[in-house]
Amino acid sequence: MIRVEKLVKSFGGFRAVDGASLEIATGSITGLIGPNGAGKSTLFNVIAGVHAPTSGRVTMDGEDITGLAPHELFHKGLLRTFQIAHEFPSLSVRENLMMVPSGQAGETLWNTWFGRGRIRDEEAALLKKADEVLDFLTISHLKDEKAGNLSGGQKKLLELGRTMMVEAKIVFLDEVGAGVNRTLLNTIGDAIVRLNKERGYTFCVIEHDMDFIGRLCDPVIVMAEGKVLAEGSADHIMENEAVIEAYLGTGLKNKVKAEETAEAAAHEDHGAQPGLGDEAGKGGAK
Amino acid sequence: MDLINALVAITNYVIIPATAYGAQLALGALGVTLIYSILRFSNFAHGDTMAFGTGIVILITWGFQAMGISLGPLPTALLALPFGIAITAALMLGTDKVVYQYYRKVRAAPVVMVMVSVGVMFVMNALTRFLIGVDQINFDDGARFVINARQWREMTGLSEPLTLRSTQVITVVTAIITVAALFWFLGKTRTGKSMRAFSDNEDLALLSGIDPNRVVAVTWIITGALATIAGTLYGLDKSFKAFTYFQLLLPIFASAIVGGIGNPVGAIAGGFVISFSEVGLTYAWKKVVTYLIPNWQPDGLVQLLSTDYKYAVSFTILILVLIFKPTGLFKGKIV
Amino acid sequence: ADVKMGVLLGFTGPLESLSPPMAQGAELAMKEVSDSGKLLGGDTVTPVRGDSTCVDAAAATAAAETLVTSDKVSGIMGAMCSGATTAVLQNVAMPNGMVMISPSATSPALSTLPDDGLFFRTAPSDARQGEVMADEILEKGIKSVALTYTNNDYGKGLADSFEKAYKAKGGSVTISAAHEDGKGDYSAEVASLASAGGEALVIAGYIDQGGSGILRGALDTGAFETFVFPDGMVSQTLQDNFGSEVNGSFGQMPASEGEGHDKFLALAEAAGFDGSSVYSGEAYDAAALMLLAMEAANSTDPKVYKDKIMDIANGDGEKIYPGELAKALELIKEGKPINYEGATAVHLIGNGEAAGTFREIEFKDGKMETVQYR
Amino acid sequence: MSTTRQPGESSAMRAPLFFAIMAVLILFEGFTSGWNSALGILNMGLLSAVMALGVNMQWGYAGLFNAGAMGFLALGGLAPVLISMPPTPGAFKAGGFGIMLAFFIAIVAVLAAIWIWRNVTGRLRGLAVTAVLIAGFFAYRWAFDPAVEAIEAINPSAQGNLGGLGLPTLISWPVGAILAAGAAWLVGKTALGLRSDYLAIATLGIAEILVAVLKNEQWLDRGVLNVNGIPRPWPVPYEIDLQNSAEFVAKAQSWGMDPQLASTITVKLAFLLLFVVVLCALIWLTQKALKSPWGRMMRAIRDNEISAAAMGKNVTRRHLQIFVLGSAVIGLAGAMMISLDGQMTPTSYNPLRYTFLILVMVIVGGSGNNWGSILGGVLIWYVWVKAGDWGPDIMAALASPFPDGGVKEHLIQSAPHMRMLVMGVILLGVLRFSPRGLLPEK
Amino acid sequence: MSYLNASEMTGGYGKADILHSCTLTVEKGEIAVIVGPNGAGKSTAMKAVFGMLALRGGSVTLDGEDITALSPQDRVKKGMGFVPQVNNVFPTMSVEENLEMGAFIRNDDFTGTMEQVYELFPILKEKRRQNAGELSGGQRQQVAVGRALMTQPKLLMLDEPTAGVSPIVMDELFDRIIEVARTGISILMVEQNARQALEIADKGYVLVQGANKYTDTGEALLADPEVRRTFLGG
Ligand SMILES: Nc1ncnc2c1ncn2[C@@H]1O[C@H](COP(=O)(O)OP(=O)(O)OP(=O)(O)O)[C@@H](O)[C@H]1O
Ligand SMILES: Nc1ncnc2c1ncn2[C@@H]1O[C@H](COP(=O)(O)OP(=O)(O)OP(=O)(O)O)[C@@H](O)[C@H]1O
Ligand SMILES: CC(C)C[C@H](N)C(=O)O
Ligand SMILES: [Mg+2]
Ligand SMILES: [Mg+2]
């Protein structure tokens with residue numbers, strides 16, 4: 001679906017993305033991981049049209065979308081969320097969702113004056129949809145709150161909620177998990193899986209929480225220093241020496257006392273979760 | 001071909017005046033930039049602050065003159081300057097207490113601060129006029145020239161005059177000293193560093209135990225000083241008139257922004273860019289051309305643009321810089 | 001009864017410093033009449049000041065509106081600048097049938113503007129000053145000048161009329177460059193003027209505005225040595241600030257010689273202001289004219305007394321000078337014609353504007369000296 | 001820019017209350033200083049409200065800090081000159097063709113430069129563009145200068161310009177809006193990419209340039225020589241005509257009114273009527289637009305441009321749209337103002353009065369709120385006018401404790417400057433006690 | 001009495017309270033971790049402890065001294081250090097200047113402390129001349145913690161120090177935090193990487209809707225299936 005070819009993006013002399021090539025298959029939930037500063041967000045920003053690439057090409061379903069503006073990409077069904085939540089602070093939570101769908105009749109000035117009836121019908125439908133999304137995200141009690149007053153995690157949810165307001169083809173999620181409560185993250189994970197299965201969204205997910213990646217994503221792409229370091233299934237990646245050295249690490253050195261417990265816990269986790277992850281992975285990859 | 005006379009003409013009519021004017025703009029722009037980077041708003045009251053400070057300096061100068069105190073060949077105003085700075089700084093601090101402090105506390109949006117400064121501008125505007133009236137005042141009492149046209153002609157025998165006013169020299173020298181002192185202060189001293197920290201990240205500065213009130217106070221004191229110095233130099237070089245100082249606000253802002261607002265080096269560069277473009281682009285090259293090509297008598301003025309559009313020139317430059325180098329010549333910071 | 005008179009001048013804004021002596025001039029005349037107790041059998045006169053800001057037509061209109069409708073003035077001494085004057089005339093004076101006598105609006109356009117017989121000015125049109133100045137310069141043998149003017153209707157109008165007259169008479173203008181008032185720096189203008197060259201520099205500006213900046217710059221860079229100063233420049237400030245630096249330079253201002261002028265200066269000095277300041281005398285005359293016309297019409301109604309103004313100014317009777325308003329009132333009451341001369345040898349022509357006697361001055365030994373009148 | 005908006009202290013009664021206060025002030029003015037004065041203030045206040053509405057559309061809806069209101073206002077004011085003044089006989093023949101040719105050359109040169117910029121690459125690009133522009137400039141001057149000279153030579157003391165079309169003044173209002181919109185479109189195309197503070201300074205500069213053009217292009221609008229006697233818009237009569245109409249005089253007397261007073265008031269009421277109609281139309285349009293997905297979208301864009309773009313909103317186009325629309329409204333106000341004044345005086349445009357004062361109106365009224373702009377427009381104008389009157393009184397009171405002499409004299413002489421002081425204090429007071437304006441947005 | 005004792009804190013931003021009688025205590029050299037759902041009021045509680053929020057009820061004592069009425073700066077002087085969740089460095093100042101700013105309130109010679117910080121975070125020594133704004137997310141977090149350490153705090157408060165950092169850096173950070181705690185400094189931190197955090201915690205708080213829901217040792221909380229399911233994501 002999305003093909004990135006030899007993409008380079010430099011800031012001044014510094015190459016944040018340095019000739020990365022990768023592919024995101026239709027219907028997959030592709031994970032994108034890598035050390036801080038590897039160039040993941042920059043890659044996202046280039047694909048999503050925020051930055052123009054220094055060189056290289058991005059195609060979507062064979063069509064060249066390099067350098068298209070964000071709003072044009074939106075209309076092609078490419079949506080993204082931000083690593084640092086970008087809510088509309090003075091709009092209510094509900095309005096934050098209702099503003100998303102494009103081509104609303106009421107966005108044309110002419111209609112706001114002479115097409116009130118049509119706007120009313122559309123708004124009613126939007127309202128219903130927005131409330132459904134809010135219910136789904138468990139924040140419907142906040143629907144009339146100004147989005148600026150939400151807590152960090154709540155904003156993240158709202159960010160995700162916006163992608164659910166339209167029929168997207170592919171959604172780029174930049175660290176949905178950072179700062180989100182793990183229980184809630186599971187819910188989000190479920191939502192992603194459901195959107196992927198039921199609505200056929202393709203996802204590309206940046207995340208540092210390996211549990212989350214392991215549960216959801218197949219394949220996983222690892223970036224480091226602006227290049228693709230490795231690619232493969234989550235399990236496969238987690239055993240990759242280079243990836244462990246650059247990214248995963250080998251756990252705590254200091255907490256000798258906790259070591260055993262941690263190990264025990266880790267075993268438990270691995271026991272409990274790959275199943276879920278596998279399911280999701282299979283569901284997505286078919 | 002008469003290269004020397006051509007050079008003298010350019011020096012006399014372009015380089016010297018533009019340098020002095022540029023230094024004055026630069027000092028003004030420094031004040032604007034400082035407020036912008038540390039207190040995070042565009043201070044529209046700066047022009048009137050300059051007027052107020054200069055007004056005080058003039059009053060004190062008169063006092064000194066009445067007492068018969070003078071600085072010899074240097075203008076008495078230089079002696080009055082420290083007192084003027086002290087009073088202006090006190091006024092700045094008072095204004096902050098009465099006005100700005102509240103908005104910092106409620107974390108008002110920058111544009112609210114801008115509007116507040118417009119309010120302060122109105123008040124200062126009135127205050128200055130209550131203080132010293134609306135008339136044009138000349139308070140430069142030192143030796144007027146380092147070299148005047150007659151001396152120059154006698155000295156060199158050239159037909160083109162060249163003059164260097166003492167106020168021009170004083171302006172440039174004072175500007176250099178002030179800028180150097182400011183840089184040393186911001187870059188090397190503890191207080192200076194804490195001001196930079198505050199401008200970088202106000203909340204974190206608070207968490208590091210930096211006293212915001214102190215930073216703000218020091219900022220206002222420095223701004224008051226810069227405004228008074230800039231205003232006094234300007235007044236010495238030209239003359240004082242309250243209304244002119246309000247008008248000065250535009251080129252000062254242009255300087256700060258062309259240079260990159262929030263960046264002190266930029267403010268200085270911006271001042272010179274604006275002054276040289278104003279004087280240089282509208283310069284009529286007729287005389288220089290006739291010196292260089294003696295046999296050609298141009299019927300026009302050989303002028304790129306008439307002085308009617310002088311201000312358009314500096315603003316066009318401003319806009320071009322903004323479009324092609326949006327952060328200014330030196331990377332400024334934007335909040 | 002109490003007669004209220006509007007004094008509408010640019011107290012704030014770019015000409016704020018010219019206004020006070022003008023207002024004081026007008027108020028001096030009002031006080032004189034009031035103190036005499038002879039106006040309409042003992043009426044007093046109270047001046048009401050209004051701020052025309054000089055540049056803001058809307059504010060000037062509002063101020064005049066207030067004068068007329070809420071202060072109920074019987075006449076307006078003003079406005080100051082030609083632009084504001086036109087606005088007030090058209091928007092307030094004509095609709096309300098209010099008499100306006102401007103002491104200083106000199107734009108040639110005001111000569112032909114329809115005014116229902118309500119508008120007069122004690123200052124001459126700049127069309128006239130242009131001629132006078134051209135003659136003066138040519139008589140000094142100066143054949144080419146550089147010209148700079150303040151960029152408003154006054155400066156531009158004067159510059160145009162001068163340029164036309166001067167060229168017609170054989171002079172040449174090397175450059176005619178505008179300068180904006182109240183701006184900071186005039187290096188660019190001075191540089192252009194210097195480059196264009198010329199035997200003298202004509203500065204059609206305001207002394208406490210850009211005109212001063214241009215003069216300073218031109219002197220300091222040694223660009224010109226001889227300057228020509230029209231009305232906006234000739235003043236005490238010019239002498240105080242530039243004095244001996246402009247020796248040999250010359251100029252002219254609407255003013256007249258002799259008795260009236262001297263008397264006014266003395267009166268002004270006694271009242272504590274500078275009567276030689278531009279248009280201060282004109283302001284005195286403007287106020288006096290209106291008050292005397294009221295007496296002549298035996299009414300404070302502008303629609304009635306407006307017709308008497310020309311008679312007072314150009315009458316065929318005893319000459320009246322500043323300080324003699326009481327006498328004038330008596331004479332009028334007795335039914336005798338008077339010829340109001342005032343501080344500026346008032347003689348109204350055409351549509352009701354000063355014919356324009358000009359005082360020609362020259363700087364000698366740092367002093368402004370009157371050379372002649374024309 | 002993130003604008004933290006404090007929780008609103010708005011209650012339903014706020015707006016009616018403030019409008020009532022405003023009405024009382026105007027009525028008070030009417031009873032104490034006469035209806036002429038009250039209506040005069042109200043009229044100009046409503047005009048200011050239109051200006052404020054335009055600025056509010058840009059700043060309040062979309063967060064575009066346009067500090068160039070003065071420029072668009074001045075440009076709008078050009079419309080009555082071009083539309084409703086009588087044509088200058090012979091002027092078009094003398095120079096009209098030359099001027100049109102000059103503009104044609106300019107447009108061709110600019111288009112050529114743009115074409116080269118887009119289609120040529122490499123080092124030659126800058127050089128070629130510069131060359132084309134310089135050549136274009138000289139060609140332009142070649143056609144332009146003689147034409148201008150010819151036009152300005154025609155009866156310079158009264159005309160010297162192209163003159164107008166001699167059409168009804170009312171037509172010039174929409175034309176003023178279109179002129180301003182056209183300029184705004186050009187400005188927006190180049191400057192809207194800038195961030196907020198820079199946009200402010202850029203527009204501040206552009207406004208100065210626009211006014212400089214109006215001041216210096218004598219062939220167009222007589223420049224600083226001003227255009228006088230611009231005809232009034234359609235239903236507004238002239239006082240003199242009314243006073244000379246026996247019918248009107250009889251009617252006025254039957255109401256027990258002085259015919260002269262009646263005539264001036266009739267004229268003001270006629271203007272008032274026109275302004276109210278325009279204002280009502282604008283309010284209807286803007287309120288409908290704001291309270292719809294369009295308004296929601298604009299607020300979203302104002303809150304966070306990047307995110308709005310990612311949500312499929314074409315931020316650049318919307319910015320341009322609102323910038324052009326807002327400027328059009330300011331231009332409309334400019335044309336209305338000139339028809340009210342009856343003259344066009346380019347020197348009277350100064351930023352303090354026409355940019356900052358308008359901003360003060362918007363902020364004091366409550367940015368983002370249309371009703372706030374109207375309230376701010378009328379209220380601030382009222383204060384601005386009255387401060388001139390109050391000044392001497394306040395000063396006299398302040399100076400009374402001083403002994404007679406220098407200081408007292410000086411203070412009393414300074415009274416006119418009280419206007420600034422009062423203005424400043426009011427602005428500071430409102431910002432202090434109601435930082436989001438008197439009528440906060442929602 | 002505990003070293004830090006914030007008891008019964010009640011308060012919020014506007015009319016409605018966010019915190020309801022929330023109590024947090026930390027002993028000397030102890031690591032206390034706050035976990036809880038989004039919007040529970042964890043950051044708010046941190047701000048309250050640091051004096052950045054007006055409390056309507058409750059008190060805060062440090063080392064037995066009541067500091068409820070002190071301003072944040074004064075609390076810094078009393079030995080509290082705070083690393084906010086975001087915007088926790090001075091971006092246009094170099095790493096070294098960032099650390100210097102941390103020592104702003106100290107009048108003694110702080111080179112020793114700086115050496116200690118460099119020892120703790122060797123990468124910072126390498127990058128000491130670089131502007132903090134040019135560092136990667138994980139390095140910035142180290143600068144942020146280092147800056148707080150420069151005040152020589154007796155209590156270090158960290159709001160989600162590991163949000164957005166890679167696993168390897170997270171481990172490194174936790175390692176450092178343990179080391180810091182071993183030097184006798186008390187640590188109070190909010191974490192969403194709750195399991196890892198509770199593993200190193202001496203004490204854990206689960207905050208729900210501004211109130212204490214569970215308080216226990218880290219181990220015990222990790223072992224509680226109810227807590228695991230509801231708050232730690234299974
Ligand atoms: N606007 C910019 N100017 C200069 N350098 C930048 C800019 N944006 C990013 N960088 C640099 O590019 C590199 C890649 O940044 P990016 O944000 O893509 O990393 P990332 O992989 O998303 O990391 P993280 O996991 O911390 O989010 C970093 O070293 C960063 O400092
Ligand atoms: N500045 C504010 N003004 C008003 N309400 C706020 C503000 N900041 C936070 N809140 C509200 O307070 C509640 C608690 O917020 P807080 O930031 O303390 O949550 P948190 O526990 O830190 O959540 P997270 O894990 O998502 O960061 C939330 O419901 C939020 O909406
Ligand atoms: C005060 C004067 C110098 C005004 C000038 N004569 C004018 O008409 O505008
Ligand atoms: Mg990232
Ligand atoms: Mg939080």
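This is a predicted model: local features need pLDDT of at least 70, side-chain atom pairs count only at pLDDT 80 or more; totals for chains, interfaces and linings use all residues.
Where they meet, domain 1 of chain D brings 11 residues to the contact and domain 2 of chain D brings 12 residues.

How much area is buried between the two domains of chain D? It comes to about 920 Å², and carbon and sulfur atoms give 67% of that. On the domain 1 side, three residues stand out: Thr88(D), Leu162(D) and Trp219(D) supply 61% of the area that domain 1 of chain D buries against domain 2, more than any other three residues.

Now for the polar side of this domain interface. The rule finds 0 salt bridges between domain 1 and domain 2 of chain D, but it does find 3 residue pairs in polar contact there, both partners at pLDDT 80 or more. The residues of domain 1 of chain D that touch domain 2 divide into 4 nonpolar, 6 polar and 1 charged.

Let us turn to the interface between chain C and chain B. Here the contact takes 37 residues from chain B and 33 residues from chain C. Together the two chains bury about 3,000 Å², with 50% of it on carbon and sulfur atoms. Within chain C, the residues losing the most area to chain B are Asp185(C), Ser195(C) and Asp220(C), which together make up 19% of what that side buries.

In total, the rule finds 2 salt bridges across the interface of chain C and chain B, along with 8 residue pairs in polar contact, both at pLDDT 80 or more.

Which elements of chain C supply at least two residues each to the side that touches chain B? They are strand S7, helix H7 and helix H8, listed here with their ranges.

| Element of chain C | Residue range |
|---|---|
| Strand S7 | 172-179 |
| Helix H7 | 187-196 |
| Helix H8 | 210-220 |

Of the elements on this side, H7(C) gives the most, with 8 residues. By residue class, the side of chain C that touches chain B divides into 11 nonpolar, 12 polar and 10 charged.

How values were computed. Residues are numbered from 1 along each chain as its sequence is written. Chains are lettered from A and ligands numbered from 1 in the order in which they are written. Side-chain values use heavy atoms; hydrogens and water are left out. Contact means heavy atoms within 4.5 Å. Buried area is the accessible area (1.4 Å probe) that two parts lose on being put together, summed over both. A salt bridge is a side-chain nitrogen of Lys or Arg within 4 Å of a carboxyl oxygen of Asp or Glu. A polar contact is a pair of N or O atoms within 3.5 Å; within protein, one must be able to donate a hydrogen and the other to accept it, and residues adjacent in sequence count only if both atoms are side-chain atoms. Helices (H or I, at least four residues) and strands (E, at least two) are DSSP runs, numbered from the N terminus. Ala, Val, Leu, Ile, Met, Phe, Trp, Tyr, Cys and Pro count as nonpolar, Asp, Glu, Lys and Arg as charged, and the others, Gly among them, as polar.
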